[in-house]
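Work through the following exercises with the coordinates open, and try each task before reading its solution.

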Amino acid sequence: MTNPSDLTRVSRESADRLSSLGVHLDGRETPAELAEMQEAVERFEEAVQSRGGDLMMDEGVPGKAVEPDDRHFALPRRKSGEPVGRYLERLSTATDGVLHHRSLE
């Protein structure tokens with residue numbers, strides 16, 4: 001059984017990580033949704049790295065314009081009001097696109 005304080009801590013860490021990447025959070029996301037988004041973002045990042053992308057260049061700093069090595073390597077932004085499920089679908093599609101994109105190496 002999961003300790004509620006552990007769940008809160010892990011959820012906060014996930015939210016902080018997602019926010020640091022510029023993923024819009026409205027505060028209504030469940031711990032499960034936060035975990036799903038973090039896992040999906042990690043899959044996307046692994047795909048980018050597998051194709052020779054540089055996450056520092058591709059993700060950039062929140063609030064600043066991103067100039068990725070390739071536009072396909074930029075983490076999709078979650079739109080304000082976009083349901084988590086829809087964002088996860090778009091992120092999955094983007095990950096598939098990266099995996100089928102030419103390598104930069």
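The model is predicted, so local features need pLDDT of at least 70 and side-chain atom pairs count only at pLDDT 80 or more, whereas totals for chains, interfaces and linings use all residues. Residues are numbered from 1 along each chain as its sequence is written, and side-chain values use heavy atoms, with hydrogens and water left out.

**Exercise 1.** Compare the reach of H1 with its expected span, and find where its buried residues lie.

*Solution.* Helices are DSSP runs (H or I, at least four residues), numbered from the N terminus. H1 comprises residues 4-20, and its 17 residues reach 24 Å from the first C-alpha to the last, close to the 24 Å expected at 1.5 Å a residue; the expected span is 1.5 Å times one less than the number of residues. Next, select the buried residues (under 20% relative accessible area, 1.4 Å probe, protein chains only), which in H1 are Ser 11, Ser 14, Ala 15 and Leu 18. Seen down the axis of H1, these residues fall within an arc of 100 degrees, so they line one face of the helix, the arc being that of the directions from the helix axis to the C-beta atoms. What covers them includes helix H2 (31-50).

**Exercise 2.** Locate Arg 78, and determine which backbone oxygens lie at its side chain.

*Solution.* Arg 78 lies in the loop between helix H3 (55-59) and H4, and is buried, with a relative accessible area of 7%. A polar atom of its side chain lies 3.0 Å from the backbone oxygen of His 24, and the backbone oxygen of Glu 82 lies 2.8 Å from a polar atom of that side chain. Among the other residues that Arg 78 touches are Asp 26, Glu 29, Met 37 and Tyr 87.

Technical notes: Helices (H or I, at least four residues) and strands (E, at least two) are DSSP runs, numbered from the N terminus. Buried means under 20% relative accessible area, exposed over 50%, partly exposed in between (1.4 Å probe, protein chains only). Contact means heavy atoms within 4.5 Å. A polar contact is a pair of N or O atoms within 3.5 Å; within protein, one must be able to donate a hydrogen and the other to accept it, and residues adjacent in sequence count only if both atoms are side-chain atoms. Lists of a residue's contacts leave out its neighbours within four places in sequence.
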